[in-house]
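Hello,

Please find below the structure I promised to hand over. My notes on what turned up follow it.

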Amino acid sequence: MRNLVLLFALAAAGGFIPQDVAAQGPSSVTPVADVNFSLRTAIQDGQMVFIGNAGAIKDQVNPDLRVPEGAVVAITLTNADGAMHDIAVPDFGAQSDQVIGEGAATTIVFRATKGGTFEYLCTIPGHKLAGMAGKLIVGDVKEVVSTAIDVAKDPAQVGEPVGDRAPKHITYDLLTTEVEGKLSDGSTYRYWTFDNTVPGPLLRIRQGDTVTINLKNAEDSINIHSVDFHSVTGPGGGAAVTQVRPGETKSFTFKALHPGLFVYHCATPMIAHHISNGMYGMILVEPEGGLPKVDKEYYVMQGELYTAQKHGSSGLQEFSVDKLLDEKPEHLMFNGSMNALTKTFNMEAVVGDEVRIFFGVGGPNLVSSFHLIGEVFDRVYDLASFTSPPLKDVQTTLVPPGGATMVEFKVDYPGKYILVDHALSRAEKGLAGFLTVTGEADATIFDSKEGIDASSGH
C-alpha cells in the first residue's frame with residue numbers, strides 16, 4: 001500500500017493521471033523523478049540536523065539542494081537517531097509522513113514550479129528551532145550580497161557604573177534611523193532604531209543627575225520619530241518636544257528624580273508601529289551610592305515583530321498592520337533578532353560569579369514571563385523598583401510591555417542556561433537566549449551518571 005501511495009505521488013508530480021496509473025496497475029508504471037536526494041536525521045554538536053547520504057551532498061549538514069526549475073524532485077528521509085521526524089517543503093505543498101524509530105523512511109515528491117530559494121524543514125514542534133532546516137534552491141539563483149546590517153544589541157554593553165560620585169550634568173545624543181537589518185539567517189526586516197541597534201543603547205545615570213537629550217532623525221529617514229522616557233517627569237516624557245522630521249534635531253533637559261530601570265521608546269503615531277519596528281531601549285537611574293558591585297551585568301530586552309510573511313519565511317519581511325492590531329506577532333526576539341543571544345553574542349559567566357540582568361519589554365503588546373531555565377533568581381527587583389525590598393528565590397517574574405525588572409543570582413554549576421519567556425510556544429518564534437557558565441562542577445549541587453542529551457537543547 002505504501003508503494004502504491006508513492007507511485008501515485010510520483011505520477012501526480014510527473015504529470016501522469018492517477019486514474020491511468022490505477023487502471024494499468026502499479027507494476028506497469030515506473031515514473032522517475034528528475035532529481036533525487038537522500039537525507040538522514042542526526043544529532044550533531046548539540047543540534048538536530050539533516051545530513052546528506054550520497055552524491056554531492058554526502059555528509060553535508062543541512063545541505064543546499066539545487067534543482068532546475070520545473071523539475072520533479074524526490075527527497076527521501078531516513079531516521080537515523082530514533083526520534084520522531086518528518087520533512088516538508090511548504091512552498092511546494094510537500095509534506096511527508098512522520099518517521100518514528102531508527103531505519104524508518106519516507107519520501108516526498110513534488111514539482112519545483114517556480115525559481116528561487118525555499119526552505120525544507122522538519123515540522124515537528126521545536127525541531128526547526130533545534131536546527132532541522134535547509135535550503136532548496138530552484139533554478140539559476142544568483143547570490144545577492146545582502147546590505148542588511150546587524151541590528152542585534154550586544155547584551156554586554158551596559159555602560160559605566162556611577163559608583164559613589166555626586167550628581168552631574170550629562171548629555172546624550174541619540175540618532176533615529178530606518179535600516180534593513182538581519183532578522184534571522186536568510187531573512188531581513190526594515191527596522192526603525194535608536195543608534196542602529198535594537199534595543200537602543202542602555203543609558204546609565206545617577207539619581208539627581210541633570211540630563212540633556214539631543215534627538216536627531218537621520219537625513220535619509222522617511223518618517224517622523226520622537227522619544228518618550230518613562231524616567232522623565234514632563235510632557236510626554238519628552239515626546240511632546242521631540243517630534244523630529246528627517247534631518248532635524250530637537251532637545252530637552254530633565255532631572256532624574258526617581259531611581260530605577262526605565263523603558264524609553266518612540267512615541268510618534270502610530271506609536272505601537274514605531275515600537276514594534278525596534279524603537280525602544282532603557283535608561284538605568286542608579287540610586288545615590290550606585291548599585292552593589294557584581295561580576296557580570298547584561299542588558300536584555302524582549303520585542304515583537306508583526307509581518308505579512310509567516311515566521312520562518314526568507315527574504316525581506318513586510319510589516320502587517322492587521323497583525324499588529326490583532327496582537328499576533330510572527331516573530332519574538334531578545335535584543336533585536338532571532339540569533340542575537342544564541343549565535344551573535346555570548347553571555348558568559350564562571351561558577352561563583354554574581355550575575356545581574358537588566359531586563360525590559362519593548363513590546364508593544366505582550367507581557368513576558370521571564371525565566372532562566374536551570375537557575376533561580378536570588379533577588380528580583382519587581383517592576384524595577386530599587387526602593388522596595390527585592391523579592392527572593394523567584395523562579396519566573398512577570399514584566400509588562402513598557403516595563404522592566406532587575407534580577408540577580410549567583411551561578412553555582414556549569415552548563416548552558418536558557419533565557420525564555422515561559423509562555424514557551426514563543427520560543428518557536430525566536431524567543432531564546434543562552435547564558436553559558438564554565439567552571440568546576442559541584443556534585444553536592446547537581447549530580448548524575450547520565451550524559452547530557454544533546455537533543456534536549458540544554
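Which residues does phenylalanine 409 touch, not counting residues up to four places away in sequence? Keep in mind that this is a predicted model. The list for phenylalanine 409 reads Asp353, Glu354, Val355, Ile357, Leu372, Glu375, Val376, Phe377, Asp378 and Leu435.

The largest nonpolar core has 29 residues. Ile357, Phe409, Leu419 and Leu435 have the most contacts inside it. Strand β22, residues 354-363, gives the most to this core, with four residues. There is also a second, separate core, made of 27 residues. Val99, Phe110, Leu136 and Val138 are among them. As background, nonpolar side chains tend to be buried together in soluble globular proteins.

Next, the record. UniProt lists residues 182-288 and 340-437 under "domain: Plastocyanin-like", in an unreviewed entry. In the model, residues 182-288 are 6% helix and 42% strand. The end C-alpha atoms of that span lie 39 Å apart. Residues 340-437 are 5% helix and 53% strand. Here the end C-alpha atoms lie 18 Å apart.

Phenylalanine 252 lies in strand β15, residues 249-255. Its relative accessible area is 10%, so phenylalanine 252 is buried. Leaving aside neighbours within four places in sequence, phenylalanine 252 is in contact with Val211, Thr212, Ile213, Val227, Phe229, Val232, Gly237, Gly238, Val241 and Thr242. Aspartate 326 is 74 residues from phenylalanine 252 in sequence. In space, the two are 35 Å apart, C-alpha to C-alpha.

On to the surface. Met270, Val321 and Leu325 form a nonpolar patch there. Together they have about 260 Å² of accessible area. Valine 321 sits in helix α4, residues 321-326. Valine 321 counts as partly exposed because its relative accessibility is 34%. Methionine 270 belongs to the loop between β16 (260-265) and α3 (271-276).

Most residues other than glycine have a negative phi, and most peptide bonds are trans. A few places here deserve a look.

Cis peptide bonds:
- Proline 269 to methionine 270 is cis, with omega near -10°.
- Glycine 363 to proline 364 is cis, with omega near 25°. Proline 364 lies in the loop between β22 and β23 (368-373).

- Aspartate 195 has a phi of about 60°. Aspartate 195 is in the loop between β11 (187-194) and β12 (203-206).
- Alanine 384 has a phi near 65°. Alanine 384 is in the loop between β24 (377-381) and β25 (391-394).

Best wishes

Definitions and conventions: Residues are numbered from 1 along each chain as its sequence is written. This is a predicted model: local features need pLDDT of at least 70, side-chain atom pairs count only at pLDDT 80 or more; totals for chains, interfaces and linings use all residues. Side-chain values use heavy atoms; hydrogens and water are left out. Patches are made of residues with over 30% relative accessible area and no salt bridge: like charges are joined within 9 Å, nonpolar side chains (Val, Leu, Ile, Met, Phe, Trp, Tyr) within 5 Å. Accessible areas come from the Shrake-Rupley method with a 1.4 Å probe; for residues, only the protein chains shown count as cover. A salt bridge is a side-chain nitrogen of Lys or Arg within 4 Å of a carboxyl oxygen of Asp or Glu. Helices (H or I, at least four residues) and strands (E, at least two) are DSSP runs, numbered from the N terminus. Buried means under 20% relative accessible area, exposed over 50%, partly exposed in between (1.4 Å probe, protein chains only). A nonpolar core is a set of buried Ala, Val, Leu, Ile, Met, Phe, Trp, Tyr and Cys residues joined through side-chain atoms within 4.5 Å. Contact means heavy atoms within 4.5 Å. UniProt positions are given in the numbering used here, feature names are shortened, and annotations may be inferred rather than shown by experiment.
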